[in-house]
Amino acid sequence: MHSFHGHPLPQHTASLAGALSPPRTVAGLARVRPGGAAAPGAHRIRVCVVHPHEMVRCGLEAMLTDIVEEVVVLADARHARHRLAAEHFDVLVCRCAATEEVLGLVPVCRDRRTKMVALLDSAEEQQFALASEVPADGFLLAGDLTARSLDDTLRRLGRGEMPLPAALSRWLLGRMREGPASSAGRSERPYCLTPREQEALNLLAQGLSNKQIARTLGISQHGAKRHVANVIAKLNCPNRTLAVALALREGLVDAPGTDPAGAEARPAGAGRRQEPASTGLSG
């Protein structure tokens, strides 16, 4: 009989608990579907999950097992760092925390070309502030987690986009609106962007992926990726989200709600706002 702290559970509760509980596995061992075959339509990728809370780990494992080829679940970030360095993983899902353990995963992910997805505990402002300090490739909100949202996140990562919860996007844009509104409060620091890089930044601020930027500019996807990488490097930011946030604050692109007309010709490296451009942080 199922029990909770020594007390028997009602029959319907016990049945539900059994139905929702994934099979117990040893932490750190790969979880694959019976027979070793991926589910039809599953992403042919390996995912590593590292989170201190067992319930979160089990929930992610249960959902990911049906949508990816293989998932490895770990409780300790230090162990995960060694595992990531020794094996190839396409995606890492970890807790969004600006701790030494979590931030220590960032350089390993970059070296191994592993996409990092940070899981926000809640939709509170403190959690959103943490998101701006964690250089992840995407973010998920624990309260919104479903197999469909995980699948969508993986697909967007594969397209070169940065998945963000809508609540986080609104919070980031709200912070930008609250920033210096007058030109007197804007930085005069030159960033030395080329005209093409400025165009890429404008499109990046609209939430376009590398593929969409390439199509808009009439260049190859490799060329768009190079321009975006140059922008991020020149703005000295770890990822696309923070690059857009900095560009908004510095006046390299305009805040939301401005007229997008005439945004084509912004002087390269200009530190002051001159031409309107619509904004967004979805990719």
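Me: What do the buried residues of H3 pack against in this model?

Reply: They pack against strand S4 (43–50), strand S5 (68–74), strand S6 (91–95), helix H4 (100–103) and H5. Keep in mind that this is a predicted model. The buried residues in question are Ala-77, Ala-80, Arg-83 and Leu-84, and H3 itself covers residues 77–86.

Me: How do you know that the buried residues of H3 line one face of the helix?

Reply: Look down the axis of H3: its buried residues fall within an arc of 110°, so they sit on one face. The face of H3 turned away from the buried side carries His-82 and Ala-86, which are exposed.

Me: What makes Asp-76 a cap for H3?

Reply: A side-chain oxygen of Asp-76 lies 3.2 Å from the backbone nitrogen of Arg-78, at the N-terminal end of H3. The cut-off for a polar contact is 3.5 Å between N or O atoms, and 3.2 Å is within it.

Me: Why does the salt bridge of Glu-197 and Lys-234 tie together separate parts of the sequence?

Reply: First, the bridge: the two side chains meet at 2.8 Å, N to O. Glu-197 belongs to helix H9 (residues 195–205) and Lys-234 to helix H11 (residues 221–234), so the pair links parts that are 37 residues apart in sequence. Glu-197 has 4% relative accessibility and counts as buried, whereas Lys-234, at 32%, is partly exposed. Elsewhere, salt bridges with shared partners join Arg-46, Glu-70, Arg-83 and Glu-87 into one network.

Me: Which residues touch the most other members of the largest nonpolar core?

Reply: Leu-92, Met-116, Phe-139 and Leu-168 do, out of 31 residues in that core. Helix H5 (residues 105–112) gives the most to it, with 4 residues. A second, separate core has 25 residues, including Leu-201, Leu-204, Ile-232 and Leu-235. As a general point, nonpolar side chains tend to be buried together in soluble globular proteins.

Me: How do you know that Val-117 is buried?

Reply: Its relative accessible area is 2%, and the limit is 20%, so Val-117 is buried. Val-117 lies in strand S7 (residues 115–120).

Me: What is Val-117 in contact with, leaving aside its neighbours within four places in sequence?

Reply: Its contacts include Leu-92, Val-93, Phe-139, Leu-140 and Leu-157.

Me: What makes S7 and S8 paired strands?

Reply: They are joined by 4 bridges and run parallel. Pairing needs at least two bridges, so these strands qualify. Leu-119, for one, has Leu-140 in S8 as its bridge partner. From S8 (residues 138–141), Gly-138 and Leu-140 point one way, Phe-139 and Leu-141 the other, and all are buried.

Me: Why are the buried residues of H10 said to be on the same side?

Reply: The buried residues are Asn-210, Ile-213, Ala-214 and Leu-217, in a helix covering residues 210–217. They cover an arc of only 100° around the axis, so they share a side of H10. Those residues pack against H9, H11 and helix H12 (240–250). Just after H10, Gly-218 takes a positive phi of about 70°.

Technical notes. Residues numbered from 1 in each chain as written. Predicted model: local features only at pLDDT ≥ 70, side-chain atom pairs only at ≥ 80, totals over all residues. Heavy atoms only, no water. Salt bridge = Lys/Arg side-chain N within 4 Å of Asp/Glu carboxyl O. Buried < 20%, exposed > 50% of the residue type's maximum accessible area, 1.4 Å probe, protein only. Core = buried A, V, L, I, M, F, W, Y, C linked by side-chain atoms within 4.5 Å. Contact = heavy atoms within 4.5 Å. Arc of directions from axis to C-beta. Polar contact = N/O pair within 3.5 Å; in protein donor to acceptor, adjacent residues only side chain to side chain.
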